[in-house]
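Good morning, everyone. I have one structure to walk through today. Please have a look at it before I start.

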Amino acid sequence: MARTADMARFEENGLEEPNYEESVSWDDLERDAASKAGGSSERLQARRPHQQDSSRKGDESPGELYELWRQEQNSIAARLDKELKSRWELDELIEEQLSRYQSHYYKAMVSTSLQDVSNLLMPMWLPPHELAAVSWLGDWRPTSILDLLRILAAHNPSFSLSESSERVLSQLLREIRIEEAVIDEEYAEIQATCVLHLPFSPLCNVQSHEEALRSVQKLFGNIHKVISKAQRLRYKVLELVMKKLLNQTDTAEFVVAFAGIQDAIHQFGEQKKLKKLYPAVPLKGLGSSS
Amino acid sequence: MPFSLFSRKKPTRRFNEFYADWSKTLTENCLPLLRQSLSSAASASVLSSNVDHVLRHLVLYYETLDLAADPNTVPYLLFPSWRNSLETPFLFLGDIHPYLLTNLLRSFIDRENQDSDDDENSLRLIQDQPLKIATAWKDPSDELVTRIDQIECTMRLMVPVLMDRMRKAQRSFVSRVSENWVSSYQAGKKKKTVTAVPVSAASVDEAAKVEMEELVSIFVDANRLRKSVIMDIVGATSEHQGALFLEGLCQFLVGFKDQLLLQDFEVVAHMHCPIDSRLIP
């Protein structure tokens, strides 16, 4: 009886795995186990009617009971094997996604082309409502990524964030909040002092065309440095969450949620864009001060 | 509804069209006007009325931005596609950073009051101007210095608040959407449906409505700040100083629109390729 209860629990746990989409019946597993057991498969197939009718268990000889016991062990082993394989696949998927985040956030920018820098901050391919809703230096705020994790931990009962992990999370939120503010400051400094450095500024005393171009390049280089810092901070947060803070299952849940929410917000932005409600001003009385 | 008053009843035009005209006026009218009254021996009243005129033009821009901003349109104003790629990286909540204004003013003063070694240099720059104008920034009054400190002080209180509000608005939007998403995902899992129920568009809309209203308020406050700093600076400075400040500001704003310069930057950027590969980890 105790063993049956264990098995039942095992089955429940198995179903809680997020990527374990199909529920597998005993019969499937037995077939699976039987085929894997190789030479003994015929014997197992032959035993099948006995095993299915438990009322007849008492009539079986010790040898038959032993066979049955082995058969059950084999099917459990098969289930475990399958679980392990799916876990391994899960690991691979998580690694793959993490490296996708890495290449996305460390995306090499080959030139200081103004268009490239501008596109990082204000990507033309993203609808303006999505940008306004979430964008900080061109992408999600690192603190928002942690907010999502906080919410997952609070609302998702299968999330197994330990107390110490929760403490780490609050600590991390505070630290990342500060790092975000530092980046904000650096960016604001560039924006506030560009009036001293841009070549067309009344304060900029550039002598030649080349000098003018160089000064703009330098400024854009500095802005690019700030954007890179923001990107690295985003990746740092994702890496910490996925590698240090969460176990495998929770990481998978996190990635699913992050992707789903990004998608929902993107859809919202696209829908808003389709409505074409552009900023407008009264025709008369404005715009003609001269 | 916010759009019904203007866009339905009265004839309207797109904000970007207004902006193009406004910018053209700034380039072709305001800047030459100021230059003219600064370099010639224009009478005080002409100078004064020109300063007034240009100040009104700048104020008009911020007031028009406010009129154009509502929860539907504020994203376009915060990320204006009508600004070129030279401008966009310098936009703070949709326009110039307010600190830029006092930095411009302070630099005018500092440049004229540095060690005497630089005197030659500064005189060379402004030799075609009347003496009154050439020496406008020399030895600024204590009153002006105090007033600049005050303006800066107010700004340094307000800018962090604006950024903080922006951060809070975005974070609570993401939190709201996340909560909705997680609970509908949970509900979907209980029903054992294979794919999670996607969060309803209506619930994102609902969260966005709250956020966009706050963004409008932040945007309007940011513009009010920029506008009042410009007005305060002109109010605190003398006629000549005010005219020079506005001339500098207009020159800076107009400078972003130089298409030839813009093209050259792009060409050079592509030729010189990587800014520095060591920046890329």
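Let's begin with one pair of residues. A:Pro282 has a bridge partner in strand 1 of chain B, and that partner is B:Thr12. Keep in mind that this is a predicted model.

Now the strands around that pair.

Next, the whole contact between the chains. On the chain B side, 84 residues take part. They touch 71 residues of chain A. Which element of chain B gives the most to its side? Helix 8 of chain B, residues 142-190, does, with 14 residues. Sort the chain B side by class, and you get 48 nonpolar, 22 polar and 14 charged residues.

Last stop: two helices inside chain A. Packed helices are described by an angle and a distance, both taken between their axes. Here we have helix 7, residues 142-155, and helix 10, residues 248-275, both of chain A. Their angle is about 120 degrees, and their axes lie 11 Å apart. Angles of 65 to 115 degrees would count as roughly perpendicular. At about 120 degrees, helix 7 of chain A is therefore oblique to helix 10 of chain A. The crossing of these two is right-handed.

Who makes the contact? Helix 7 of chain A brings A:Leu148, A:Leu149 and A:Leu152. Helix 10 of chain A brings A:Glu253, A:Phe254, A:Ala257, A:Phe258 and A:Ile261. By class, that contact has 7 nonpolar residues, 1 charged residue and no polar ones.

Thank you.

Methods:
Residues numbered from 1 in each chain as written. Chains lettered and ligands numbered in written order. Predicted model: local features only at pLDDT ≥ 70, side-chain atom pairs only at ≥ 80, totals over all residues. Axes fitted to C-alpha atoms, helices over the stretch in contact; angles between N-to-C directions. Helix = DSSP H or I, 4+ residues; strand = E, 2+ residues; numbered from the N terminus. Parallel < 35°, antiparallel > 145°, perpendicular 65-115°, else oblique. Left-handed = near helix turned anticlockwise from the far one by under 90°. Contact = placed C-beta atoms within 7 Å. Nonpolar A, V, L, I, M, F, W, Y, C, P; charged D, E, K, R; others polar. Pairing = 2+ DSSP bridges.
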